[in-house]
Amino acid sequence: MSHFRVNQEKCKQDGICVDSCPLGLIEREDDTSFPTPTYDAEKLCVECGHCVAVCPHGALSLKSITPEQCPPMRKEWLLSPEQAEHFLRSRRSIRAYNDKPVDTKLIERLIEIARFAPSGHNSQPVEWLVIYDSTEVQKLAGIVIDWMRYMLKEQPEFANLLHMDRVVDKWEKGRDPVCRRAPHVIVAHAPKENRMAPVAATIALAYLELAAPSHGLGACWAGYFNASATVWPPMQKALALPDDHISFGAMMIGYPKYKYHRLPPRKEPQILWR
């Protein structure tokens with residue numbers, strides 16, 4: 001078959017797929033003709049599935065994606081504007097966790113959801129490392145503290161800007177201001193030379209964080225953890241990512257110790273119209 005197939009019995013020749021293809025790889029001769037792939041469609045298609053998803057008649061199939069593989073949109077599940085605002089505003093960074101592990105299947109479910117996050121050119125470069133053992137999480141948090149001690153000695157101005165002295169002091173008093181005693185940490189990594197990876201990993205982790213509360217979980221961006229993973233050789237050795245990969249973000253995850261009851265305000269947006 002060619003790069004995609006059109007079921008002419010279902011196709012209404014409405015041109016929706018032509019207008020929706022991000023790279024303009026679908027064309028029609030006129031308003032009465034069926035859509036066809038451009039000469040370079042097979043070479044350039046990123047298999048995002050827009051054309052399959054947008055056709056209301058289920059008339060178009062890619063080689064790799066058919067309408068049957070794409071669950072239908074559930075209109076009754078779509079959020080109202082008010083519900084969407086409430087959902088997003090209710091997101092909280094969870095920094096206190098119950099001492100209870102999360103089932104591995106549930107973590108896998110969150111990552112499954114996160115893989116649907118958008119990425120440049122639909123490259124989907126993000127891979128995942130789950131630090132599941134809580135003892136290992138604490139070991140890695142200790143390596144972050146070692147990095148901070150080094151930074152306080154060698155780059156004190158930068159270290160003090162990030163309050164590393166306070167973090168080290170709390171650690172030495174038996175607290176964990178790095179991973180917050182979270183039972184697990186999820187690392188999003190990708191090839192270090194992939195220019196689309198930083199944004200792709202950030203969006204994917206945001207998807208994962210937003211999905212967590214619906215499963216009774218809480219999450220928090222592990223900023224100190226990820227910062228050390230990008231520059232501190234002992235941390236990189238401990239993570240043991242593939243040689244050409246680097247961490248582009250890390251997320252603590254676990255069952256929240258407390259519930260939140262209100263939606264705090266934020267600064268007014270500064271908007272420049274042109």
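1. The structure holds one aromatic pair. Rings of Phe, Tyr and Trp (its six-membered ring) pair if their centres lie within 6.5 Å; planes under 30 degrees apart count as stacked, over 60 as edge-to-face and the rest as tilted. The planes of Y150 and W232 stand at 40°, with ring centres 5.2 Å apart, so this pair is tilted. Distant parts of the chain are linked here: Y150 sits in helix α6 (residues 134-154), W232 in the loop between α10 (223-231) and α11 (233-239), 82 residues apart. Helices (H or I, at least four residues) and strands (E, at least two) are DSSP runs, numbered from the N terminus.

2. A word on the source. This is a predicted model: local features need pLDDT of at least 70, side-chain atom pairs count only at pLDDT 80 or more, and totals for chains, interfaces and linings use all residues. Residues are numbered from 1 along each chain as its sequence is written, and side-chain values use heavy atoms, with hydrogens and water left out.

3. Are the two partners buried or exposed? Buried means under 20% relative accessible area, exposed over 50%, partly exposed in between (1.4 Å probe, protein chains only). W232 is buried at 16%. Y150, at 40%, counts as partly exposed.

4. Next, charges over rings. The rule asks for NZ of Lys or CZ of Arg within 6 Å of the ring centre and within 35 degrees of the ring normal. R74 lies over the face of W77, 4.2 Å from the ring centre. K100 lies over the face of Y255, at 4.4 Å.

5. Which residues of α10 are buried? They are F225, N226, S228 and A229. Seen down the helix axis, they fall within an arc of 165°, so they line one face of α10. That arc is taken from the directions from the helix axis to the C-beta atoms. These residues pack against α6, β6 (184-191), α11 and β8 (245-254), where contact means heavy atoms within 4.5 Å.

6. On a 1 Å grid over the protein atoms alone, a cavity is a set of points where a 1.4 Å probe fits but cannot get out; a pocket is an open set with protein on both sides within 12 Å along at least five of seven lines; lining residues have an atom within 4 Å of a point. Grid points are joined across faces, edges and corners, and a volume is the space filled by probe spheres set on the points. The largest pocket has a volume of about 1800 Å³. Its lining has 42 residues, of which A53, C70, P71, M73 and F116 lie nearest the centre.
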